[in-house]
Amino acid sequence: MSQLAETPFSAFSAWLSTFSTAMTAADPDGVAAVFLPHGWFRDVLTFTWDLRALRGPSKISAYLRDNAHSMTISNIKLDSGPYLLPHYVPGSEDSVIEAAFSYETPIAYGKGYVQLARGADSCWYGLLVCMTLNDLKGHEEPRDPPDWEGEAQGRSYGEVIAERHRRNEKSPYVLIVGAGQTGVQVAARFNRMNIPTLLIEQHERVGDNWRQRYDTLALHTPKQQHYLLYQPFPSNWPMYTPRDKLADWLESYAKTQELTLWVKSKLDGKPIWDPSQRRWIVVIDRDGCMVRLRPAHIIIATGFLGAAYHPAIPDRQLFKGTVLHASQYKNAHTFTGKNVVVVGAGNSSIDICQDSVVAGAKSVTMVQRSSTCVTARSNVARTMDKIWRTGEPLEIGDFRSGSTPLGMVKEYMINHQEDTWAADRELHEKLRKGGLHLNIGSEGQGQYIMVYERGGGYWLDKGGADLIASGAIKIKQGVAPKAFTSSGLQFTDGSQLEADVIVLATGFKMIRAMSEALFGSEVIDRTSDVWGLDAEGEVQGNYRPCGHPGLWFAAGGFLESRYKSKHLALQIKARELGFIDDGLRSCL
């Protein structure tokens, strides 16, 4: 390794030379030697056509040795782009160097992301190296705008698009179920990469899955987190996108990206996998008309959550008031002058509580059974600014974020719990004053990792803490509903609350139950869980093989589908071209 260098460029160049020599020589021990003892290596499709994360030189060496047949890497060189030339990470006090490199395999081009830190000997070692496959040779994603005039050959633009839609409708290679933010972005990526795709949506309009949620809903993260692939927001877009604005943008996105889309359409009956043809037999109910298709792949893009979870609370028939699940809640207009009880303490719960206070409810009580991870929305925005940095293209932040193993983030957060508590000290004082119990994850891993591990148990605060501190929102803590009464709820400690309205903000079941209803246990029993982290800190069953051929799950936020849609496209394209020997072929 290089001795302490004067510049990030010279330090990284020396490190890259050593790394390149070992990698191109297929020397697993030599590659592992350039890492810190706690360094991470992440492989995105390069060696195994999967997403893998290894911590420490021994695991890195063993992984590369186990996949020596794929360790044919060449042409490693410093990435020529202006934004990831070697530099010190802002705020690291010159202790971490960030840079990127490019490389090739016999069939593909890739890009590596690197963070270097000093070892005990003051030399530079790999803190993080991620190697991500970017393009298959001869099948690269186009960088230039499409030449529709060259394709038209005298036809109108409308005729060109109509013909493309007819081809996709007649014989889609991929069927995507669900046209929310995930489905439309995956379909847009596939459209761009010439993978014939049909997208179906059960609602009447794209965006209805958002329009049907509560009126005051706005995304809790800043807009750079939820830009859509290929189509950035206008410059005057609000920082936190409201529900209806987002729904309309998704609908317009499907049109401008020229997606082949059927609305008011859903699977009819269970898809049947034909192992001899390596195709699905699918019937689509297209607004009452049954259409039979034979796609090679089905992607479920309906999210990682399934049906609403209704806790079993006895004696519902006794209660004279209104009971609804948070998924049924639209607004608090009818709550004026009423006693409102919201069971649950997550994002939906605090939003409904705030709405109820504004609407003039007589009383508002949040029922918190255990503890909740709460962080200020403004703190999340500041954290995101470190990843999606001012003056950089969105793609650079996506690459930086998408290259960082969640296991590495979790380890960092656990080791810096005091900083997490300190960042929200003032907010937490307000919440504790009102009686709310707090956590930062069961291991101190923080809210970001909880999103991937649990999908619940947290909220981003945008004023709720002030209402809790003032008593406008009361907290009933440490108990759960035991039974309904004629006037409200009885709790496990024997106490009671009077209520006119009870909202169950109790979350949703995971997607597995819904998937089993769609495909049957004979298919879903072969698949992994979807969501949650595996032993390496990778998200289970998501944008990666799930265990059943031709079946994929795409779930998560806007970033996941914006960035990982490329991973999914490459895996499907590689099967189409025969690079992955699972029997799937196409004449496309």
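How many nonpolar, polar and charged residues are in the lining of the second largest cavity? By class, that lining has four nonpolar, three polar and two charged residues, where Ala, Val, Leu, Ile, Met, Phe, Trp, Tyr, Cys and Pro count as nonpolar, Asp, Glu, Lys and Arg as charged, and the others, Gly among them, as polar. The model is predicted, and local features need pLDDT of at least 70, side-chain atom pairs count only at pLDDT 80 or more, while totals for chains, interfaces and linings use all residues. Residues are numbered from 1 along each chain as its sequence is written, and side-chain values use heavy atoms, with hydrogens and water left out.

**Cavities**

- A cavity is a set of points, on a 1 Å grid over the protein atoms alone, where a 1.4 Å probe fits but cannot get out, and its lining residues have an atom within 4 Å of a point.
- By this rule there are two cavities of 30 Å³ or more, with volume taken as the space filled by probe spheres set on the points, which are joined across faces, edges and corners.
- The largest cavity holds about 170 Å³ of space, and of the 15 residues that line this cavity, Ser401, Gly402, Leu406, Tyr452 and Lys564 are the closest to its centre.
- Helix H11 (394-403), helix H15 (446-453) and helix H19 (558-577) are the elements that give two or more residues to the lining of the largest cavity, and H19 gives the most, with four residues; helices (H or I, at least four residues) and strands (E, at least two) are DSSP runs, numbered from the N terminus.
- The second largest cavity holds about 40 Å³ of space, and its lining includes Ile511, Arg512, Asp529 and Phe553, with the largest share, three residues, coming from helix H17 (residues 511-519).

**The open sheet**

- Three strands form an open sheet in the order S23-S24-S25, with antiparallel pairing, where two strands pair if DSSP finds at least two bridges between them.
- Strand S23 (481-485) and strand S25 (496-498) stand at the edges, and because each has a single partner strand, one side of each is left without a neighbour in the sheet.
- Four bridges join S23 to strand S24 (residues 488-491), and Gln490 in S24 is the bridge partner of Ala483.

**Cysteines**

- A search of the whole structure finds zero disulfides, a disulfide being a pair of cysteine sulfur atoms within 2.5 Å.
- Cys130 is buried, with a relative accessible area of 0%, and Cys546 also counts as buried, at 3% relative accessibility; buried means under 20% relative accessible area, exposed over 50%, and partly exposed in between (1.4 Å probe, protein chains only).

Methods: On a 1 Å grid over the protein atoms alone, a cavity is a set of points where a 1.4 Å probe fits but cannot get out, and a pocket is an open set with protein on both sides within 12 Å along at least five of seven lines; lining residues have an atom within 4 Å of a point.
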